[in-house]
Amino acid sequence: MATDSSSPPSSPEVKKDKSSSSKKRKTDLTEIEVDVNLPEPPSKKAKRLLKKGKSLPAKPKSDDEGSDTDDAPGASKSDKPKKEKKERSPYGIWIGNLRFTVTKQELKQWFVDNSGGAITLEDITRVHLPTAKPSAAPGAGPKKPTENRGFAYVDFATFDANVAAIALSETEWYRRKVLIKDAKSFEGRPEKKEEPAPVDLTNGAKTATASAAPASTSTKVFVGNLSFQVTEDDLREHFHKCGPIRWVKVATFEDTGKCKGYGWVNFETPDAAQWAVKGFVKVRETIDTVEDFMDVDEKEKEEEEGDKAEDAEKEAESKEGGEEKEEEEKPKKKAVPKEEPRVKTRKWWVNQLLGRTLKIELAEDDQTRYQKRFRGKGGAQRREQNGGGGEGGEGVAEVREKKVWVPMKDRKKEPKFHQDINVARLTGAAVAPTGKKTTFE
């Protein structure tokens with residue numbers, strides 16, 4: 001009895017925990033019925049807009065709703081009739097040197113007023129006036145009105161109106177003489193120069209493929225705006241992608257030996273010089289694959305494993321061989337040829353060196369410079385002065401033979417005399433002798 005009275009009573013909290021743990025969560029949930037035909041309830045954003053009194057934005061249609069919305073009138077864009085493009089008139093002109101504030105209406109009215117009744121507003125079927133993009137730089141100030149680009153295309157309905165418009169060329173408008181010509185006439189346009197072939201570096205060669213007709217035969221290039229730290233090796237390494245180089249010359253100071261800021265590069269082909277003048281060269285290079293980064297031993301192991309697998313297959317086939325198998329024998333697999341390396345073309349820029357933009361221009365070849373110096377106008381005068389009569393290099397050779405170096409001690413200096421005694425007094429020069437001798441006591 002003592003033991004029963006001494007035992008503490010059980011707490012009510014523990015009983016609640018046991019009762020709560022014994023209860024299971026109900027899994028039966030009531031199903032919600034949704035009527036698909038009803039309109040979609042507005043979202044929170046739509047409710048906010050409706051509360052402010054604003055209209056709801058148009059809802060984009062999805063692919064799932066296509067079958068439901070096709071029945072509605074104007075639901076699909078395909079039902080709407082497409083606007084047919086009007087065929088342009090074959091008669092048109094190009095007008096240039098326009099003022100940048102000219103509008104389409106002003107241009108139409110100008111043609112009507114200056115054509116003497118040959119052009120009417122109905123004759124002008126199309127006016128295309130390209131406009132320049134406004135500058136969107138921050139802090140540019142108030143936005144300026146859009147301006148045209150100084151030219152326009154105008155189409156006419158008749159040939160007579162087209163001829164009358166072309167006749168107005170060189171007419172002054174807003175202190176500018178406009179230029180008008182046929183829209184299909186491309187006279188005066190410079191011919192597009194053919195780009196030299198890209199340099200092929202796929203096989204390790206650094207030679208450019210020869211083009212059909214190079215734009216210039218000059219192989220010498222002048223390079224300006226060089227840094228004072230540039231050397232001939234730096235210049236050769238910088239331009240070696242353009243093509244093979246004959247020689248490189250950098251103008252240097254006599255005392256320090258540093259670069260003066262300019263130099264010359266002489267290539268072996270004119271195409272290489274053309275690429276250098278462009279500022280970039282198109283290089284064809286092979287795309288690296290995983291095999292290119294593998295060692296030779298790893299490649300050999302893979303090949304050996306492949307050969308062993310093929311030998312095992314052949315032995316298994318030979319064991320199972322028979323007459324029936326010989327008839328049903330499949331043709332042997334052909335050896336898979338090795339894939340050719342993939343090649344890509346990219347630009348290699350040569351217009352900057354050591355953070356400075358280079359000035360690259362074609363220079364005169366040595367032969368052209370020799371012709372100007374010794375066979376041009378100045379060369380003829382030199383030959384006459386030096387006694388060289390021939391047109392070739394004979395006179396130059398004679399002059400070089402006559403020139404003999406004489407030391408300064410043996411050179412005779414003839415004094416310079418002045419006829420005017422006043423000039424001689426002011427300059428301190430000697431006066432020309434007159435043959436009279438004056439003596440002083």
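Mentor: Lys54 lies in the loop between helix 3 (44–52) and helix 4 (66–69). Please keep in mind that this is a predicted model.

Trainee: What makes the patch to which Lys54 belongs one of positive charge?

Mentor: Its members are Lys44, Lys45, Lys47, Arg48, Lys52 and Lys54, which gather on the surface. Lys and Arg count as positive, so a patch of these residues is a patch of positive charge. Like charges are joined within 9 Å.

Trainee: Why is Cys242 called buried?

Mentor: The word buried requires a relative accessible area under 20%. Cys242 has 0%, and therefore Cys242 is buried. Cys259, at 1%, is under that cut-off as well, so Cys259 also counts as buried.

Trainee: How many disulfides does the model hold, and by what rule?

Mentor: The count is zero. A pair of cysteine sulfur atoms counts as a disulfide if the two are within 2.5 Å. A disulfide is a covalent bond between the sulfur atoms of two cysteines.

Trainee: Why is the contact between Asp155 and Arg88 called a salt bridge?

Mentor: A nitrogen of Lys or Arg must be within 4 Å of a carboxyl oxygen of Asp or Glu. The side chains of Asp155 and Arg88 meet at 3.0 Å, N to O, so the pair qualifies as a salt bridge. The two residues come from distant parts of the chain, 67 residues apart: Asp155 is in strand 3 (residues 151–156), and Arg88 is in the loop between helix 4 and strand 1 (91–96).

Trainee: Which of these two partners is buried, and which is exposed?

Mentor: Asp155 is buried, because its relative accessibility is 2% and the cut-off is under 20%. Arg88 is exposed, because its 53% lies over 50%.

Trainee: How do you know that Arg126 also forms a salt bridge with Asp155?

Mentor: The distance from N to O is 3.6 Å, which is within 4 Å, and therefore the pair counts as a salt bridge. Arg126 is in strand 2 (residues 124–128) and Asp155 in strand 3, 29 residues apart. Arg126 has a relative accessible area of 28%, in between the two cut-offs, so Arg126 is partly exposed.

Trainee: What is the salt bridge of Arg369, and how do its values compare with the definitions?

Mentor: Arg369 pairs with Glu364, and the closest N and O atoms are 3.8 Å apart; this is within 4 Å, so the pair is a salt bridge. At 53%, Arg369 is exposed, while Glu364, at 31%, is partly exposed. The structure holds six salt bridges.

Trainee: What makes Arg88, Arg126 and Asp155 one network?

Mentor: They are joined by salt bridges that share partners. Asp155 meets Arg88, and Asp155 also meets Arg126.

Trainee: Which residues of helix 8 (residues 270–278) are buried, and what follows the helix?

Mentor: The buried residues are Asp271, Ala272, Ala273, Gln274, Trp275 and Ala276. The term buried tells you that each has a relative accessible area under 20%. Just after helix 8, Gly279 takes a positive phi of about 95 degrees.

Trainee: What makes Val223 buried, and where does Val223 lie?

Mentor: Val223 is in strand 8 (residues 220–224). Its relative accessibility is 0%, so Val223 is under the 20% cut-off and counts as buried. The C-alpha atoms of Val223 and Gly261 are separated by 8.5 Å, with the two residues 38 apart along the chain.

Trainee: Where is Glu147, and why is Glu147 called partly exposed?

Mentor: Glu147 is in the loop between strand 2 and strand 3. Its 37% relative accessibility falls in between the cut-offs, so the term partly exposed applies. From C-alpha to C-alpha, Glu147 and Pro130 are 8.7 Å apart, and in sequence they are 17 residues apart.

Technical notes: Residues are numbered from 1 along each chain as its sequence is written. This is a predicted model: local features need pLDDT of at least 70, side-chain atom pairs count only at pLDDT 80 or more; totals for chains, interfaces and linings use all residues. Side-chain values use heavy atoms; hydrogens and water are left out. Patches are made of residues with over 30% relative accessible area and no salt bridge: like charges are joined within 9 Å, nonpolar side chains (Val, Leu, Ile, Met, Phe, Trp, Tyr) within 5 Å. Accessible areas come from the Shrake-Rupley method with a 1.4 Å probe; for residues, only the protein chains shown count as cover. The place of a charge is taken as NZ of Lys, CZ of Arg, CG of Asp or CD of Glu. Helices (H or I, at least four residues) and strands (E, at least two) are DSSP runs, numbered from the N terminus. Buried means under 20% relative accessible area, exposed over 50%, partly exposed in between (1.4 Å probe, protein chains only).
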